[in-house]
Amino acid sequence: MHDPKQDPVLPPLALSVQHRWHHQIFFYPGYVLALGSLADQTEHRHLALELAIALDGDLLISDRRGTRIGHQCLFAAGAPHRLRANGRVAALWVDPAWRRFGAMAPEAGDLTPAEYRRLVHMFRTLDRSEATARQVAEIIDLWVSARLGGLADAPALDERIATALDLIHVDDVPRTDRYRLAAEVGLSPSRFAALFAQDVGVSVRGYLIWRRLIQAVRCLCQGASVTSAAQETGFADAAHLSRLYRQTFGSSPSLLLTSRTVVSEYHPARLVAAEKFSTSAGDSSR
């Protein structure tokens, strides 16, 4: 039987750098990035893939493999875990449907020491400033390529699941369910549910909740109350939203009310490509 008293303990860390924001949160299609201090979490599970790296100090990582101290981690969609830190952290949530990362995540490898040092240096610089969506997009693109690049050749989504995802993404807050989606793509509800879980890595219901929850987080970061965010995103009430938020992120949604939020409608790779095009155009004109 596991004895928590035998788990490693994070040493205290004295931080000399002052940060204006407790958290900065960046929203992109398919990604959410948070920079800042980590709330004291309870065990929880995301309906998305999560990457995290320590920007200073260490991570105390608890999952099915036990509890250990490290500097980087990956949690697959639906995997129960708890993450604590004695310094600042960068955490990236990746929509499980994006390039099938939800289903393929267990096959990903660690960052090399050189990749880790480079990312930490870049994130520390941005964490001390009011970073723009384009600046952060470049680092996300590097991080995902380094950590998950080996999954890029994963088989394509089944066309019917791809169509269903397009239907889900029509609205910021999904207003559909698995029965309607199954009918739209010509499958029985049971066959559709099984195929969706196989390709995406989470259940249809779980994915719809994740999409609504992320939209609720966006509302909260933009100043909405928990009650208002719950109403706007289809949750029964503030208690329902708070309960699902704590089950998913391991902390209270009220912590988001003091966060700086940046929202981009463009995928990080598109922003990076646009920056490279702009730079090359400028070079060619000289």
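"Buried" here stands for under 20% relative accessible area, "exposed" for over 50% and "partly exposed" for anything in between, using a 1.4 Å probe and protein chains only. This is a predicted model, in which local features need pLDDT of at least 70 and side-chain atom pairs count only at pLDDT 80 or more, while totals for chains, interfaces and linings use all residues. Residues are numbered from 1 along each chain as its sequence is written, and side-chain values use heavy atoms, leaving out hydrogens and water.

**View 1. Strand β4 is mostly covered.** Strands are DSSP runs of E with at least two residues, helices are runs of H or I with at least four, and both are numbered from the N terminus. In β4, 5 of its 5 residues are buried. In a regular strand the side chains alternate between the two faces of the sheet. Here L59, I61 and D63 point one way, and L60 and S62 point the other.

**View 2. β4 sits in an open sheet of 3 strands, ordered β5-β4-β7.** Two strands count as paired if DSSP finds at least two bridges between them. The pairing in this sheet is antiparallel, with β5 (66–70) and β7 (82–85) as the edge strands, each pairing on one side only. From one strand to the next, the twist averages 15°; axes are lines fitted to C-alpha atoms (for helices, over the stretch in contact), and angles between N-to-C directions run from 0 to 180 degrees. On one side, β4 meets β5 through 5 bridges, and a hairpin of 2 residues joins the two strands. I61 stands opposite R68 in β5, and the bridge partner of I61 in β7 is L83. β4 (residues 59–63) and β7 share 4 bridges, and L60 stands opposite R84.

**View 3. Another open sheet has 6 strands, in the order β6-β3-β8-β2-β1-β9.** Its pairing is mixed. β6 (72–75) and β9 (260–263) each have a single partner strand, so one side of each is left without a neighbour in the sheet. Ignoring direction, neighbouring strands are turned by 10° against each other on average. Look for β2 (residues 31–36) and β8 (residues 89–94), an antiparallel pair with 6 bridges; L33 has L92 as its bridge partner in β8. Helix α2 (residues 113–127) packs on this sheet, touching β1 (23–28), β2, β3 (49–54) and β8, where contact means heavy atoms within 4.5 Å. The direction of α2 makes about 85° with that of β3.

View 4. Rings of Phe, Tyr and Trp (its six-membered ring) pair if their centres lie within 6.5 Å; planes under 30 degrees apart are stacked, over 60 edge-to-face, and the rest tilted. The structure holds 6 such pairs. W93 and F249 have ring centres 5.6 Å apart and planes at 90°, so they are edge-to-face.

**View 5. F196 and Y207 make a tilted pair.** Their ring centres are 5.8 Å apart, with 55° between the planes. F196 lies in helix α6 (residues 189–200) and Y207 in helix α7 (residues 204–221), so the pair ties together parts 11 residues apart in sequence. F196 is buried, at a relative accessible area of 0%, and Y207 is buried with a value of 0% too.
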